[in-house]
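Here are my notes on this model, point by point. Please read them with the structure open.

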Amino acid sequence: MRRPFVLRAALTVGLLGLLLVLEKVFPHLINQYAARLMILSGINIMLAVSLNLINGFTGQFSLGHAGFMAIGGYTSGYFAITAGPRVLSALGATPTDPGAGAALMLVLGLLIGGGAAALAGLLIGIPTLRLRGDYLAIATLGLGEIIRVVILNIEAVGGARGLNNIPSYTSFFWVYLMVALTIVVNWNLVRSRHGRALLAVREDEVAAESLGVPTTRYKVLAFTVGAAFAGMAGSLFAHYLRYLNTNSFSFLKSFEVVIMVVLGGMGSITGSVSAAILLTLLPEFLRPIKAYRMVIYALLLVLLMLLRPQGIFGAGEPNPRALLRRLWPRRAPAPGGGS
Amino acid sequence: MQEFLQQLVNGITWGSIYALIALGYTMVYGILRFINFAHGDVYMVGAYIAYYLVAAFGLSAGGGTPLAALLILLGAMLGAAGLGIIIEQAAYKPLRRQPRLTVLITAIGVSLLLENGGILVFGADPKFFPQILTSRSVRLPGGALTTSHQLLVLGGALVLMVALSLVVYKSRIGRAMRALSFNRDAANLMGIPTDRIITFTFALGSALAAAAGVLVALSTPRIDPLMGLLPGLKAFVAAVLGGIGNIPGAMLGGLVLGLAETLVSGYISSTYRDAIAFAVLIVILLVRPAGLLGRAVSEKV
Amino acid sequence: MPSLSRPRRLLCIPFALLLVLALAADCGKEGGRLKIGEYGSLTGDKATFGTSTHHGVEMALDEANAAGGVGGMPLTVIVEDDQGRPEEAATAVNKLIVQDRVLAVLGEVASSNSLAAAPICQEHKVPMITPSSTNPAVTEVGDYIFRICFIDPFQGTVMARFARESLAYTRVAVLRDVKSDYSVGLAGFFMAEFTRQGGTITGDESYQQGDVDFKAPLTALMAGKPEALYVPGYYTEVGLIARQARELGYTGPLLGGDGWDSPKLTEIAGGALDGSFLSNHYSVEDTSPVVQNFVSSYRLRYGEAPDAMAALGYDAMRLLVSCLKQLHTEDAEALAALAGGDAAAQGAARARLRTLIAATQGFPGVTGEITLDEARNARKPAVVLEVQGGQLRYRERIGG
């Protein structure tokens with residue numbers, strides 16, 4: 001029985017409002033360390049889900065996702081540093097005490113970061129269209145690295161030394177909002193007719209093309225949307241860590257996101273979310289054996305491929321009802337009469 | 001003019017290193033149609049094996065003879081060949097029937113494993129390879145100055161490439177390798193022991209990568225567990241540039257890339273050095289994916 | 001038909017998370033210890049910077065605790081490794097401040113790492129003292145950031161003057177590490193002063209930290225026939241650069257800055273750096289009793305002579321301890337708050353600590369007298385050292 005729309009909307013707004021209140025009015029109630037982990041998890045969720053759109057649903061193996069994140073983070077950070085003071089003073093605030101202006105700045109940053117990254121996704125999507133499988137992977141890897149090296153050489157954003165003193169606008173509330181947005185948009189996209197077209201591209205591109213699916217357009221769409229969300233994740237990252245260095249956006253970062261998507265299951269949004277959270281929290285809990293962390297990661301990946309290449313959730317979303325039915329099967333009435 | 005000649009020597013030297021590593025990539029791709037991401041890290045392992053061999057023999061700076069150096073080189077090559085075999089048997093062979101994506105991801109995993117395992121075992125701090133052969137300045141015709149080390153690298157790489165060519169084109173096992181790269185199933189049906197040939201190919205490629213690692217360690221004496229990352233990627237680009245699956249292509253690609261990198265680094269800006277490889281990659285993939293010497297393959301429906 | 005209400009259900013999760021966040025709020029009441037954070041490059045390319053600094057800090061820590069701590073409370077130093085990477089420095093400092101709740105932070109050596117960490121310290125109003133970062137931008141981040149060493153405008157000038165006046169050179173080429181704020185800044189300051197004094201910069205090339213092959217930029221620089229090469233980078237690359245320069249036939253000296261100072265420098269370079277010069281914070285050969293005491297204690301404990309990073313680490317820690325003692329004298333309750341009070345009291349106490357640090361005048365350090373100016377930097381002279389047979393020999397003292 002579906003609850004009326006109004007009720008659902010009210011519930012949503014109410015919960016978000018509660019979150020906002022908690023953050024603004026009672027900040028000392030929040031455990032900073034837990035908040036930090038959740039913010040980082042949220043950012044990784046956005047990265048994983050957006051990469052899943054490209055890799056999992058459309059079957060385009062992209063190894064350059066960190067590049068989109070970098071573009072989003074750098075443009076957003078640069079905007080905040082250069083144009084920020086002017087925007088804020090128009091509102092009567094200053095960079096050191098932004099007040100409500102912080103929210104505006106973050107929204108602008110997200111739009112700029114996401115937009116710039118989407119543009120990059122568009123530009124990257126088009127030329128790489130002709131490539132398949134391994135070649136596409138390597139090409140996207142190369143493009144991600146080129147993005148990194150180009151940023152490395154732009155003095156205006158700090159060049160090799162990094163972009164510093166980015167204003168801090170990210171908070172758990174915003175990360176949560178963006179994560180919810182990412183999941184909802186991707187979920188709905190995948191379950192729409194556009195999503196079916198993407199799946200067709202993944203399953204058999206030639207067949208899809210010959211059946212009239214404009215594969216080119218959809219591949220570019222996947223790249224653009226995926227890149228946009230990665231860019232927004234980058235923006236949140238920039239305004240959280242307050243310092244950006246191109247070292248954080250190398251192909252190693254791209255690999256990390258790929259591992260999340262693969263672990264969760266390529267084609268499963270729930271999988272991406274779960275794996276992102278797991279792989280953000282795991283290193284923290286493994287801190288005591290920090291030296292072994294990456295080795296365990298790598299081993300995990302290899303074993304995963306050998307034993308369960310489809311990841312945790314495979315290519316679908318878990319269906320709680322089906323799961324429950326399997327655990328507690330209702331016994332069918334005995335044939336004939338009972339005793 | 002002198003500067004240009006010097007840069008040329010620099011470029012060709014690095015080019016031959018890329019070529020050595022690229023050969024491994026190209027051979028494996030030719031036979032299995034699979035990019036072995038972990039190959040660059042075998043280069044690193046080779047350098048470390050040599051490092052520990054040097055320590056085991058108690059050699060120090062200037063205390064080695066050419067014979068000792070040769071033995072160390074061979075030792076590293078053998079060790080790396082063994083590693084290549086282990087990796088192939090444990091991680092790639094079980095996945096031979098799986099979609100290519102799965103193996104690709106596995107290769108990434110093996111690469112990360114080697115790198116981080118290296119950090120764990122060897123320590124993240126760079127180590128300094130004792131210069132067991134002292135370097136002397138050598139003046140080339142034209143006024144360019146080079147070192148005996150650079151010439152050693154060049155010479156060594158050349159010898160190895162020639163040896164490889166002999167194996168691939170003149171020996172029985174080489175013929176089997178080439179047969180496999182044309183059509184694996186047909187080769188199998190003709191009685192060629194495909195599994196063994198594949199294993200041999202991995203071993204051979206790994207040995208060459210290790211040799212490159214040792215040669216580099218001798219001349220630029222700093223080794224660290226992540227040293228194989230970039231050279232590995234660049235060597236892959238070199239292989240693609242030359243035509244992946246094509247052995248002379250790998251050598252040519254390596255040389256061209258090494259030269260391009262050095263010339264850009266020397267005359268424009270060295271910060272773009274790493275980007276050159278990737279730019280070349282993109283251009284080649286878009287303009288002529290088959291590479292300089294490769295054959296275009298069309299996709300059958 | 002998969003229900004579209006699934007994503008709505010996800011929004012119920014924040015409620016659960018809110019509870020988690022609120023309940024997990026800890027009191028952080030751990031009484032009785034004064035916690036100081038230290039972040040540094042304990043592993044990675046520039047590992048000796050972190051380990052040397054840490055040795056110096058450790059020595060000062062043990063001395064302070066042996067003397068009874070401050071206000072009867074022992075001091076502890078919590079160390080985090082940043083692997084020599086700025087993004088890790090930011091994360092490490094974040095953890096020290098947010099999770100470990102340190103009262104002050106010591107670090108780092110490499111300016112890029114300090115620059116990454118400083119905004120975080122400033123934002124949380126935790127005093128940060130960098131022992132050896134020389135790039136001016138570090139203290140410009142905010143009034144909670146201090147340094148006890150000289151800055152690069154001064155250091156670059158020192159070397160320029162040395163090259164121009166003492167060595168009488170007119171043609172120098174520059175090779176800088178483009179990944180390091182320190183290197184780029186220092187190169188700039190050197191070039192400005194050198195040309196101001198009438199010298200010519202014959203070439204300006206760059207490399208990246210982590211590179212192993214410098215023949216391409218070196219070859220390009222050699223074409224300009226310089227009398228000296230200014231290489232204001234870190235010891236790992238400088239050692240290799242020196243080697244390769246010699247291999248390419250270059251016979252002139254190399255000049256550099258305090259980034260060269262490491263026990264590993266000559267191990268990497270072999271003999272290639274003999275006859276080269278660097279500007280530094282102190283010399284092991286300084287005959288003053290303060291220095292010699294320090295050198296012999298350090299030697300006894302760690303088996304090697306202390307480099308500038310160790311000396312500066314030692315001074316930084318001692319300065320901090322001295323300020324803490326001052327705080328105790330002025331207001332014992334404030335000091336107690338630092339060890340385990342509520343957030344408001346801690347913040348107030350840290351603000352007072354900050355004021356005390358800023359007022360440092362004439363503090364007797366191993367690396368010289370430390371007086372902090374309004375920009376929170378120290379005004380100290382520099383020494384020029386010459387590399388000879390594996391040792392750094394004192395050559396002359398400039399400025400102050």
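This is a predicted model: local features need pLDDT of at least 70, side-chain atom pairs count only at pLDDT 80 or more; totals for chains, interfaces and linings use all residues.

1. α2(A) passes α10(A) in a left-handed crossing. Helix α2 covers residues 32-57 of chain A, and helix α10 covers residues 215-241. Their axes are 8 Å apart, at an angle of about 165°. Any angle over 145 degrees counts as roughly antiparallel, so α2(A) is roughly antiparallel to α10(A).

2. Which residues of α2(A) meet α10(A)? On the α2(A) side they are A:I39, A:I43, A:M46, A:L47, A:V49, A:S50, A:L51, A:L53 and A:I54. On the α10(A) side the list includes A:A222, A:F223, A:F229, A:M232, A:L236, A:F237 and A:Y240. By class, this contact holds 18 nonpolar and two polar residues, with no charged ones.

3. α2(A) has another partner in α12(A), residues 269-285 of chain A. Here the axes come within 8 Å and cross at roughly 140°. The two helices are therefore oblique to each other. What is the hand of this crossing? α2(A) passes α12(A) in a right-handed crossing.

4. The α12(A) contact draws on A:L37, A:L40, A:S41, A:N44, A:I45, A:A48, A:V49 and A:N52 of α2(A). Among their partners in α12(A) are A:I269, A:S272, A:V273, A:A276, A:T280 and A:E284. The class count is eleven nonpolar, five polar and one charged. Note A:V49: this residue is listed in the contact with α10(A) and also in the contact with α12(A).

5. Now chain B. Its secondary structure comprises eleven helices and four strands. The radius of gyration is 19 Å, close to the 19 Å that the globule rule gives for 301 residues, so chain B is as compact as a globular protein of that length. Its C-alpha atoms fill a box of roughly 55 × 45 × 35 Å along the principal axes.

6. How much of chain B is buried? Buried residues make up 57% of its 301 residues. Among contacts in chain B with a separation of 6 or more, 78% join residues 24 or more positions apart.

7. Last, the contact of chain B with chain C. Chain B supplies 20 residues and chain C supplies 24 residues. On the chain B side, the elements that give two or more residues are α1 (2-32), β3 (145-147) and α10 (247-267). α1(B) gives the most, with five residues. By class, the chain B side has five nonpolar, twelve polar and three charged residues.

Technical notes: Residues are numbered from 1 along each chain as its sequence is written. Chains are lettered from A and ligands numbered from 1 in the order in which they are written. Two residues are in contact if their C-beta atoms, placed from the backbone, lie within 7 Å. Ala, Val, Leu, Ile, Met, Phe, Trp, Tyr, Cys and Pro count as nonpolar, Asp, Glu, Lys and Arg as charged, and the others, Gly among them, as polar. Axes are lines fitted to C-alpha atoms, for helices over the stretch in contact, and angles run from 0 to 180 degrees between N-to-C directions. Angles under 35 degrees count as roughly parallel, over 145 as roughly antiparallel, 65 to 115 as roughly perpendicular and the rest as oblique. A crossing is left-handed if the near helix is turned anticlockwise from the far one by less than a right angle, and right-handed if clockwise. The radius of gyration is taken over C-alpha atoms; the globule rule is 2.2 Å times the number of residues to the power 0.38. A residue is buried if 20 or more other C-beta atoms lie within 10 Å of its own, exposed if 12 or fewer, and partly exposed in between; C-beta atoms are placed from the backbone.
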